[in-house]
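Visitor: Put the model up, please. I want to go through its side chains.

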Amino acid sequence: MTLENFIEESFTGKGVCLVGNGVVEKMHGEFIDSHSVVIRINEYVLLDRFTPFIGNKTTHYCNHGNRRFRSRKHAETLCPFYGRCENDWGGKKICPSKDWRKEMGVKSSTTGSTMLYILDRLKISTNAVGFDFLQTGHMWNPKKNMKKRHPCHFKQIKEEELLIKSLPNVKLL
């Protein structure tokens, strides 16, 4: 099954929230957890002290596909990147049927923004929390230098931000 088929079959008609790893200063936890589908990205960390801000529900896990992060309780891992599907981790990684980055026009788009783009193009209404386009560190480590950690993304981050903010089916909170 392709990522596109999985999303259309599993998410259509449901409340979807994609939670990024940026610092969230407003208490969105209950709002996030009220969604039927809550997708978290890459090396997310859920700590009790963050629950009021980012909730604790996770129904799906999305990562960049280069390596499998510590064990997740979810059956599938969603990978938005076409060229990173050679190792499917025992059938648990669901990959796209095409290179969405080419369509986006942002060569080094982040995992979260690429997934938001795919959801939008599949007409899945999505709320997004924790997306500040690498302006802060991670929720659990706000002082993390994102420019040093992700130099390839910084070259095009403004272009990526404008694109994501223009998507009709995505609401950034």
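Visitor: Start with W100 and Y117: buried or exposed?

Guide: Both W100 and Y117 are buried. Buried means under 20% relative accessible area, exposed means over 50%, and partly exposed is in between (1.4 Å probe, protein chains only).

Visitor: Ground rules before we go on?

Guide: This is a predicted model, in which local features need pLDDT of at least 70 and side-chain atom pairs count only at pLDDT 80 or more, while totals for chains, interfaces and linings use all residues. Residues are numbered from 1 along each chain as its sequence is written, and side-chain values use heavy atoms, leaving out hydrogens and water.

Visitor: How many aromatic pairs does a search of the whole structure find?

Guide: The search gives three aromatic pairs. One of them is F6 with F11, edge-to-face because the ring centres are 6.0 Å apart and the planes stand at 80°. The rule takes rings of Phe, Tyr and Trp (its six-membered ring) with centres within 6.5 Å; planes under 30 degrees apart are stacked, over 60 edge-to-face, and the rest tilted.

Visitor: What is the relative accessible area of F6?

Guide: F6 has 9% and is buried. F11 is buried as well, at 0%.

Visitor: Back to W100 and Y117. How far apart are their ring centres?

Guide: The centres of the W100 and Y117 rings are 6.1 Å apart, and with the planes at 70° the pair is edge-to-face. W100 belongs to helix α4 (residues 100-104) and Y117 to helix α5 (residues 111-121), so the pair ties together parts that are 17 residues apart in sequence. Helices (H or I, at least four residues) and strands (E, at least two) are DSSP runs, numbered from the N terminus.

Visitor: What lies over the face of W100?

Guide: K98 does, at 4.2 Å from the ring centre. A charge sits over a ring if NZ of Lys or CZ of Arg is within 6 Å of the ring centre and within 35 degrees of the ring normal.

Visitor: Which side chain meets K98 in a salt bridge?

Guide: That of E103, at 2.8 Å from N to O. A salt bridge here is a side-chain nitrogen of Lys or Arg within 4 Å of a carboxyl oxygen of Asp or Glu. K98 is partly exposed at 35%, and E103 is also partly exposed, at 36%.

Visitor: Which residues are linked with K98 in a network of salt bridges?

Guide: E103, D120 and R121 are linked with K98 in that network. Within it, the side chains of R121 and D120 meet at 2.5 Å, N to O. R121 is partly exposed at 36%, whereas D120 is buried at 2%.

Visitor: What does the salt bridge count come to?

Guide: Five salt bridges. Among them is E161 with K165, whose closest N and O atoms are 2.7 Å apart. These two residues are four apart in helix α8 (residues 157-165), a separation of about one helical turn. E161 is buried at 14%, but K165 is exposed at 54%.

Visitor: New topic. Which residues are buried in helix α1?

Guide: In α1 (residues 3-11), the buried ones are L3, E4, F6, I7 and F11. Down the axis of α1 they fall within an arc of 160°, so they line one face of the helix. The arc is taken over the directions from the helix axis to the C-beta atoms.

Visitor: What follows α1?

Guide: G13 follows, with a positive phi near 80°.

Visitor: And which residue has a positive phi although it is not a glycine?

Guide: K123 is one of them, with phi about 60°. K123 is in the loop between α5 and β6 (126-129) and is exposed at 68%. F133, not a glycine either, has a positive phi of about 55°. F133 is in the loop between β6 and α6 (146-149) and is buried at 7%.

Visitor: Last one, N63. Where is its place?

Guide: N63 is in the loop between β3 (60-62) and β4 (77-78), and is buried with a relative accessible area of 0%. Its side chain makes a polar contact with the side chain of Y61, at 3.3 Å. A polar contact is a pair of N or O atoms within 3.5 Å; within protein, one must be able to donate a hydrogen and the other to accept it, and residues adjacent in sequence count only if both atoms are side-chain atoms.
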